[in-house]
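Keep the sequence and the 3D view open while reading.

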Amino acid sequence: MKRHALSTRIWHWLNLVFVTVLFMSGLTISNAHPRLYWGQWGFAEGQQWLSVPRFPDWMVIPGYYNLAQARAWHILAAWGFALMLLFMWVAMLANRHFRRDIATSKREWRPANIWHDVVEHLKLNFDDVGSKYNFLQKLAYGVVLGIFLPMMIATGIAISPGMEPSFGWLVQLLGGRQSARSLHFIFAWSIVGFFVIHILLVLLSGPRRQISAMIDGGHRDEA
Amino acid sequence: MKRRNLLVGLGATLLAGCDKIANTKAGSSVLGAADSLQMKAQRLLNPSQELVPEFSPKDISPFFRGNGSTDPTNGDYPAHAAAGFANWQLDIRGLVAKPMSLSLDQIRALPQRTQITRHDCVEGWSAIGQWTGPQLKTILDMAGLDPRARYIVLRCADELRGTPYYESIDLNDAHHPQTIIAHMLNGAPLPVRNGAPLRLRVERQLGYKHAKYLTGIEAVESLANIGGGKGGYWEDVAGYQWYAGI
């Protein structure tokens with residue numbers, strides 16, 4: 001297994017902190033109006049496509065219902081999150097991490113290869129496949145870094161009335177402000193979904209080695 | 001397993017610490033700094049005279065929800081409401097060359113702007129309505145702003161939990177073309193629920209900035225001596241952001 005670059009390690013742990021604060025303060029914001037709508041507007045019972053359950057105090061920042069304080073944390077962490085995502089993209093394009101380890105080749109998209117990868121995962125065989133990551137890993141990291149995380153920023157901008165003059169087109173593109181709010185919620189939970197699978201696979205593939213590799217970089221080419 | 005202990009420790013600190021951090025002076029100033037950075041970034045990305053998108057009549061939502069005060073019972077508001085607001089006055093005062101008091105007829109006689117815009121509440125919901133009224137800039141130009149004036153305070157007739165509602169905006173928002181003193185919603189006089197007879201529309205900010213039941217417009221140099229000093233009712237009582245562009 002190749003070493004993790006310092007930029008990757010710094011981003012990984014800071015991103016964990018920012019995403020955690022964003023998610024937990026976001027749950028308070030969800031509690032403020034736990035209904036999701038499609039389109040530009042929506043404000044009342046009966047108009048929603050989803051009634052969201054109320055999240056208990058232990059799940060939320062600041063630990064009890066306080067919308068003003070949750071918003072303050074959300075805005076603060078959003079800055080760290082967005083700037084670090086930009087940093088990670090610049091770093092992984094510059095140090096070729098993206099092209100070398102995450103971008104997939106045509107060959108990897110062949111059904112036989114995908115099937116092989118699925119079978120190896122089910123057999124819990126995570127031995128090196130020659131490259132740093134296997135196909136499903138590349139796909140997961142690519143989708144999270146290229147779609148889930150950037151969409152949190154895009155939908156967040158689209159929810160903000162102060163951004164309307166310059167980003168009205170984005171609100172339109174996302175199907176209206178309430179659609180953007182719904183998508184913000186959907187992508188947030190998609191990230192949680194990734195997080196659960198990610199943790200599970202780390203636990204199954206040697207958590208001690210995996211976690212220390214993300215801290216000190218790991219050993220060079222053990223295999 | 002030192003590292004794992006470290007991670008668990010970090011996690012627990014994060015969860016337990018947020019509340020404590022927010023309640024310290026340094027913590028709240030970091031949170032406040034993020035908020036003012038937010039405002040500067042939005043102002044940078046959105047030129048001051050650029051408009052928010054406006055909608056067509058078919059986009060208007062079937063009902064326009066009201067939040068906060070929806071039927072004030074304090075002072076002489078109920079009497080004004082019973083009289084159809086015939087004697088309502090809007091005072092223009094503070095740092096202006098010509099303080100004045102405008103009747104609803106005088107306000108309706110000014111050049112009017114009609115706009116169909118989306119209202120976004122801090123809680124998360126949205127509604128679309130058509131608003132009509134003079135631009136705030138027209139009124140401020142009539143009264144003549146003193147060069148020292150930096151904020152416009154909106155005085156309101158309603159009280160929430162015994163405290164008078166008020167709001168404030170800076171001159172950037174006060175001079176924005178879509179910032180109007182609305183007296184009509186969807187072609188009819190403003191309902192009591194939505195702020196009769198006059199409310200502010202400040203379209204680039206969240207709903208709590210759109211002060212209702214307006215009695216006065218006051219130009220000031222500083223917000224420190226107004227209400228609780230944070231520039232608005234919700235800012236004072238619950239720590240909501242003064243700039244509500246997000």
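In this predicted model, the contact draws 36 residues from chain A and 39 residues from chain B. Two residues are in contact if their C-beta atoms, placed from the backbone, lie within 7 Å.

The largest share, 9 residues, comes from α2(A). By class, this side has 20 nonpolar, 12 polar and 4 charged residues. Ala, Val, Leu, Ile, Met, Phe, Trp, Tyr, Cys and Pro count as nonpolar; Asp, Glu, Lys and Arg as charged; the others, Gly among them, as polar.

Chain B holds an open, mixed sheet of 5 strands, ordered β2-β1-β11-β5-β6. Strands pair if DSSP finds at least two bridges between them. β2 (100-103) and β6 (163-170) of chain B are the edges; each has a single partner strand, so one side of each lacks a neighbour in the sheet. The twist averages 20° from one strand to the next. Axes are lines fitted to C-alpha atoms, with angles from 0 to 180 degrees between N-to-C directions.

Within this chain, β5 (residues 151-160) and β11 (residues 214-220) of chain B run antiparallel over 6 bridges. B:Y151 sits opposite B:V220 in β11(B).

The model scores ipTM 0.91 and pTM 0.93. Chain B averages a pLDDT (the predictor's confidence in each residue, from 0 to 100) of 93, and 93% of the residues score at least 70.

Residues are numbered from 1 along each chain as its sequence is written, chains are lettered from A and ligands numbered from 1 in the order written. In this predicted model, local features need pLDDT of at least 70 and side-chain atom pairs count only at pLDDT 80 or more, while totals for chains, interfaces and linings use all residues.

Note on methods
Helices (H or I, at least four residues) and strands (E, at least two) are DSSP runs, numbered from the N terminus.
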